[in-house]
Amino acid sequence: MQPIVSIRDVRKSFGSLEILKGVSLDIPKGGVVCIIGPSGSGKSTLLRCINGLVTINSGSIRVGNFDVQSLKTDEQKIALRKVVSMVFQQYNLFPHKTALQNVMMAPVHVLRENKDEVHARAVALLEKVGLAAKADSYPGELSGGQQQRVAIARSLAMRPEVMLFDEITAALDPETVKEVLNTIRGLVKDGMTCILVTHEMRFAREIADDVYFTDGGVIVESGPPADLFDRPQHERTRAFLSQIL
Amino acid sequence: MIRLKQKSKEHWWITSRRRTGDGGTDLPVLLPPAQALTRSARAERAWGFYTVRLPWQLGLMLLALFAAGCGIAQAQTTANHPSIFATIWKWTPLLLTGFLFNLFISVLAMSIGTVSGALLGFAQISRSSPVRKAAWFVTQFFRNAPWLVLLFYCMFLLPFQVTVFGVTVPIPGWVKATIGLALPVMANVSEILRGAVQSIPAGQWESAESLAFSRARTMWMIILPQCIKRMLPPWMNMYSILTMATVLTSIVGVAEIMTLTSRALSAENRPGLLLAFYSYVLFWFFIYCYPIARWTLYLEAKYKVDT
Amino acid sequence: MQFLWEWFRWLYDTTGVNLSIFYDAFDRGRFAAGFILTIELSLACIALSILIGVLGSWLQGSRLHITRKVVYWYIQFFRNTPPLVQLYFFYFGVGTLLTTTNASGAEVPLFNNITWAIVSLSFFAGAFNIEIFRSGVEAVPGTTIEAAESLGFSRLRIFFLIVFPLAVRISLPALTNNLVNLVKATTLAYAIAVPELLYTTSQIWSDELNVPEMMNVLLVCYVALVGVLTFVMHRWERAVKLPGFGV
């Protein structure tokens with residue numbers, strides 16, 4: 001089975017600073033991948049390369065049928081974004097729209113779907129993340145965890161095949177982290193392909209099929225969570241894990 | 001930010017800051033700069049005016065305009081006319097006296113305005129409700145009235161002479177104009193004072209009270225000394241704006257620099273001299289206001305208060 | 001209506017308070033014309049200054065260094081010099097340069113004083129607006145824009161659906177201050193003989209010799225005008241307030 005996301009020898013520099021120095025990985029459909037590593041190792045940049053927010057300098061990225069590095073026009077990129085969706089750490093939602101409007105906006109404006117259908121689907125999605133009661137609240141009236149769940153619902157409204165999560169629990173306090181992680185568990189159970197950049201090691205161990213440890217712009221080590229966390233091969237992996245765990 | 005409820009009649013001055021739309025979110029919905037922008041807009045409303053930030057490039061620009069004006073005028077000069085620089089040099093002493101007169105008016109208006117504004121400000125934080133309301137009304141009234149209208153008001157309605165203890169004292173036009181300029185200053189100083197007093201945390205009042213300070217004592221020994229620092233930047237900013245606003249008095253006939261400049265221009269009757277003269281005058285204003293504006297920014301940064 | 005006007009004439013006859021703008025039709029007309037011109041000036045200047053603000057903040061993000069510099073100089077000059085001098089620059093300086101010949105062959109200025117008043121005051125207020133709008137646009141977080149991009153919005157859609165509504169809401173308090181200052185600055189048009197409220201009132205009081213009454217009426221009118229503007233802007237602020245974005 002062809003992997004749904006295929007990354008080959010990706011390099012990215014911002015000016016003179018090289019962030020990604022040749023990263024390669026494959027993700028099968030329905031797979032869950034966690035990327036861990038110290039800050040500055042290029043994790044967030046890698047995610048942004050996958051959905052085309054950042055253009056790579058060399059290498060190739062294939063998502064579904066799209067060659068991300070060869071997408072030039074806005075329309076091509078929009079077609080890509082219907083396949084892969086991303087949830088960010090902060091300032092995720094549009095503060096001037098209610099939760100329901102946030103979820104509805106993209107299908108209505110980008111996919112040009114019928115408003116009533118989108119409305120019904122949006123309500124169902126909000127129910128799925130457990131926020132049906134907060135449909136008419138503005139982001140400023142929701143807690144951090146609630147905001148992130150609405151952000152997940154909003155990404156799901158585009159019916160993506162792959163979802164990217166960029167440290168979405170990093171800015172939350174511990175109580176609200178749990179509800180967000182529960183939502184992701186639900187997504188994984190439904191068979192969504194997920195790529196998570198996270199610091200939540202316990203969660204990564206539980207949910208991931210593969211864990212990748214990045215440091216200094218390269219993937220140092222990868223493997224099933226049990227192998228990586230319990231029997232790390234590389235010195236750097238060991239050093240990092242001993243700091244975290 | 002400390003949020004206090006209106007405790008009792010005595011503590012009315014610590015009114016609860018009505019938190020608008022606080023939804024209890026723990027993730028901010030907009031960046032800190034957005035908050036900073038709104039906060040500075042509110043501060044601007046309290047201070048009375050925008051912050052004058054004179055960059056040195058403006059001085060250069062004015063010099064460039066002056067040079068351009070001289071160039072245009074020189075190009076249109078015929079042979080039997082004196083050179084442009086000689087003309088400007090000829091008029092400079094007269095214009096300088098006019099400029100000094102502007103500065104004198106500004107200092108006088110600032111003094112009158114500050115003293116009366118302080119009194120009005122104290123009235124705004126007085127314990128008695130009718131005094132407070134009346135002072136608030138007067139402050140808002142003079143803040144919302146255009147400066148030129150207030151100038152006209154004073155020019156026309158103040159008597160041209162006053163008899164005190166049997167001595168008739170004439171009140172020249174420029175004195176009336178100065179009082180006219182002092183009125184908006186008074187209103188803005190009052191607002192600055194009120195804002196500064198209200199920005200002092202309630203904890204100060206409470207600890208003073210628990211140490212058995214009387215209200216007047218608390219005000220004089222604890223609150224006001226802290227307010228002085230907060231009031232200095234907007235007060236100096238006000239002065240920069242006032243100095244530049246003294247040119248308004250030319251409209252009501254005071255013989256200050258703008259009137260003298262227009263007289264010089266009509267006496268010379270040479271086209272193109274206008275740009276040179278006006279940029280010359282503006283450059284003087286710039287030279288005067290530049291150190292004030294710089295010092296204001298310095299003080300503002302130094303006394304930055306995290307509310 | 002006539003009854004109301006006659007009451008003012010009675011007031012004059014009995015108390016000597018001469019409010020001729022009510023009982024005298026000519027004065028009434030003059031005063032109303034001046035009031036309306038002030039309102040028209042204010043509205044025109046508000047519209048043009050907002051346009052300048054939008055244009056300027058867009059140009060400020062230009063890639064050309066010279067464009068950015070020009071906008072910077074424009075802002076610094078119009079912010080930090082007295083608006084009266086700016087008015088004189090425009091009317092007496094530029095205005096006398098832009099002339100055309102009329103039917104009888106004489107040289108007349110191309111634009112009248114009202115036009116110059118609008119241009120000058122709009123440039124004055126526009127300088128502030130550029131800074132206000134620029135700060136408003138920059139205050140929208142980059143992640144929000146990235147989130148919109150990841151959802152597939154095009155750049156144009158992002159600007160109109162997300163950046164612009166947020167920038168307007170953020171800029172509103174500062175814009176209110178600026179517009180209030182602008183309305184108060186319309187009185188400066190008196191200096192170039194624009195028949196706005198202050199000018200026509202001064203004509204009325206020099207004709208009718210009722211200076212105190214007209215002065216008070218003038219003050220009240222302006223304070224009311226500013227009050228109405230402030231009220232409208234505050235209502236607007238409250239209507240588009242972002243919940244959770246408190247100060």
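Modeller: Domain bounds come from an automatic or database domain assignment. By such an assignment, chain A is divided into domain 1 (5-83 + 161-244) and domain 2 (94-159). This is a predicted model: local features need pLDDT of at least 70, side-chain atom pairs count only at pLDDT 80 or more, and totals for chains, interfaces and linings use all residues. Residues are numbered from 1 along each chain as its sequence is written, while chains are lettered from A and ligands numbered from 1 in the order in which they are written.

Colleague: How do you know how many residues of domain 1 of chain A are in contact with domain 2 of chain A?

Modeller: Two residues are in contact if their C-beta atoms, placed from the backbone, lie within 7 Å. Ten residues of domain 1 of chain A meet that test with ten residues of domain 2 of chain A. Helix α6 (residues 174-189) of chain A supplies the largest share of the domain 1 side, four residues. The C-alpha centres of these two domains of chain A lie 25 Å apart.

Colleague: Which classes make up that side of domain 1 of chain A?

Modeller: Six residues are nonpolar, two polar and two charged. Ala, Val, Leu, Ile, Met, Phe, Trp, Tyr, Cys and Pro count as nonpolar, Asp, Glu, Lys and Arg as charged, and the others, Gly among them, as polar.

Colleague: How is chain C divided?

Modeller: Chain C has domain 1 (48-194) and domain 2 (197-239). Their C-alpha centres lie 25 Å apart. Eleven residues of domain 1 of chain C are in contact with nine of domain 2 of chain C. The domain 1 side has eight nonpolar, two polar and one charged residues.

Colleague: What makes α3(B) and α6(B) oblique to each other?

Modeller: Their angle. Helix α3 (residues 84-124) and helix α6 (residues 173-199) of chain B pack at about 40 degrees, with axes 6 Å apart. Angles under 35 degrees count as roughly parallel, over 145 as roughly antiparallel, 65 to 115 as roughly perpendicular and the rest as oblique. So α3(B) and α6(B) are oblique. The contact of α3(B) with α6(B) divides into 17 nonpolar, nine polar and one charged residues.

Colleague: Which hand has the crossing of α3(B) and α6(B), left or right?

Modeller: Right-handed. A crossing is left-handed if the near helix is turned anticlockwise from the far one by less than a right angle, and right-handed if clockwise.

Colleague: Why are α3(C) and α6(C) called oblique?

Modeller: Helix α3 (residues 25-60) and helix α6 (residues 113-138) of chain C pack at about 45 degrees, their axes 6 Å apart. The pair is therefore oblique. The crossing of α3(C) and α6(C) is right-handed. Their contact residues are 16 nonpolar, eight polar and one charged.

Colleague: What makes β6 and β10 of chain A stand at the edges?

Modeller: Start with the order. Six strands form an open sheet, β6-β7-β8-β3-β9-β10 (chain A), with mixed pairing. Two strands pair if DSSP finds at least two bridges between them. β6 (84-87) and β10 (218-223) of chain A each have a single partner strand, so one side of each is left without a neighbour in the sheet. Neighbouring strands of this sheet are turned by 20 degrees against each other on average, direction ignored.

Colleague: How many bridges join β7 of chain A to β8 of chain A?

Modeller: Five, between β7 (residues 162-166) and β8 (residues 193-197) of chain A, which run parallel. A:Phe165 stands opposite A:Leu196 in β8(A).

Colleague: Which strands of chain A does helix α9 of chain A lie across?

Modeller: Helix α9 (residues 235-244) of chain A lies across β9 (210-215) and β10 of chain A, at about 100 degrees to β9(A).

Colleague: Which are the edge strands of the sheet of four strands in chain A?

Modeller: That open sheet has the order β2-β1-β4-β5 (chain A), with antiparallel pairing. β2 (17-27) and β5 (66-67) of chain A each pair on one side only. Five bridges join β1 (residues 5-14) to β4 (residues 58-63) of chain A. A:Arg11 has A:Ser58 as its bridge partner in β4(A).

Colleague: What residue takes a positive phi in the hairpin of β1(B) and β2(B)?

Modeller: B:Phe165, near 50 degrees, in a hairpin with two residues between the strands. Four bridges join β1 (residues 161-164) to β2 (residues 167-170) of chain B, running antiparallel. B:Val162 stands opposite B:Val169 in β2(B).

Colleague: How many residues does the contact take from chain A and from chain C?

Modeller: The contact takes 23 from chain A and 22 from chain C. α2(A) gives the most to the chain A side, three residues. That side has twelve nonpolar, seven polar and four charged residues.

Technical notes:
Axes fitted to C-alpha atoms, helices over the stretch in contact; angles between N-to-C directions.
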